[in-house]
Structure formats: C-alpha cells, structure tokens
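Good morning, and thank you for the time.

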Amino acid sequence: MTPGFRSICGALLAMCFAHASASDSLRSACVDDVRQAVDAPVLRVLTLNASHGRNTAINQFLVSREQTYANLDAIAELLSFADADVVALQEADAPSIWSGKFDHVTHLADQSGYGCIAHGLHSRSWMSTYGTALLSSAELREPASIRFQP
C-alpha cells in the first residue's frame, strides 16, 4: 500500500468517526467498507494515445518506417517500466500505408511483454486502418469492440 493510499484510507476512517451522531453500527459498517477497499486487489490501468507511431511529427506520412519502429519502441519501454495490468491504446494502427505497413499493436505487445491483445479497428480506408486496443498481462475473455457511426 502506497503512502498516498494510506492517507486516503486514514481520511476515510476519520470521516467514519467524525459523525458523533452516527450510530455504532453505521460507524462499524463504514470501517468495514474501508477495510475491504484496502484489502481489495488493485488493477493498474494505463491509457496512452499511440498517435499512429508518429511521436511529435505533424503527420505519420512524414515519418520513416524505421523511425516509427523507434517511436513505438520508446512507448514499449514506457509500458514495460509502468508495469500496468492493462494498457488502453488510442490511434493504434494495423498495417497501414501511412504508418509503416506493420501492426503497431502487435509490435508494442511483443516489445513490452504483454501476452494478450484486443484490437478494435474503427477506421478503415485504402491508406489507413486503426482504432483502439487493449494490452493485458492476463487473459482477455471475450473482448469486443464497438464502432459508433460518426
């Protein structure tokens, strides 16, 4: 448990006891809720806009395939360092003419050690195919992607 989380739990407990008019059973229920929150497993989630692998370039068409790989490798290094349970990606490309003609999500998963992938392709054209994706260290059961009409 991190110091910040301990502080939050302490504040919650203080709130439980601050209401002198509350009944003993209400205070006890509040304390039990805080204890359950402290003991609950934690799911660490990281979200990131992969920006089609372009980094700070104006357009991914202006970035070489080699530089796109390098940009994604830097993202993969960040993902490995963060060690999140689930990573949510936006602007994550499947093989596309405009971004190096390789699957960015599979590359990120391979480079960062995530074994499970769900890739929702929301935009498809002759030049680009991309969408959102989840990378996970645990199995993703029945992942689904829903595309809303613009």
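The largest pocket is lined by Ala88, Leu89, Gln90, Ala118, His119, Gly120, Thr132, Ala133, Leu134, Pro143, Ala144 and Ser145. A pocket here is an open set of points on a 1 Å grid over the protein atoms alone, with protein on both sides within 12 Å along at least five of seven lines, and lining residues have an atom within 4 Å of a point. Strands β2 (86-93), β3 (116-124) and β4 (129-136) are the elements that give two or more residues to this lining. Strands are DSSP runs of E of at least two residues, and helices are runs of H or I of at least four, both numbered from the N terminus. The volume of the largest pocket is about 160 Å³, taken as the space filled by probe spheres set on the grid points, which are joined across faces, edges and corners.

A word on the source. This is a predicted model, in which local features need pLDDT of at least 70 and side-chain atom pairs count only at pLDDT 80 or more, while totals for chains, interfaces and linings use all residues. Residues are numbered from 1 along each chain as its sequence is written, and side-chain values use heavy atoms, with hydrogens and water left out.

I turn to the salt bridges. How many does the structure hold? There are three, each a side-chain nitrogen of Lys or Arg within 4 Å of a carboxyl oxygen of Asp or Glu.

Arg44, Asp83 and Asp85 are linked in a network of such bridges. Asp85 pairs with Arg44, with the closest N and O atoms 3.2 Å apart. Asp85 lies in the loop between α3 and β2 and Arg44 in the loop between α2 and β1, so this pair ties together parts 41 residues apart in sequence. Asp83 also meets Arg44, at 3.9 Å, N to O.

Are these residues buried or exposed? Asp85 is buried, at 18% relative accessible area, whereas Asp83 is partly exposed at 45% and Arg44 is partly exposed at 39%. Buried means under 20%, exposed over 50%, and partly exposed in between, with a 1.4 Å probe and protein chains only.

Finally, Glu139 and Arg141 form a salt bridge at 3.9 Å, N to O, and both residues are exposed.

Conventions:
On a 1 Å grid over the protein atoms alone, a cavity is a set of points where a 1.4 Å probe fits but cannot get out, and a pocket is an open set with protein on both sides within 12 Å along at least five of seven lines; lining residues have an atom within 4 Å of a point.
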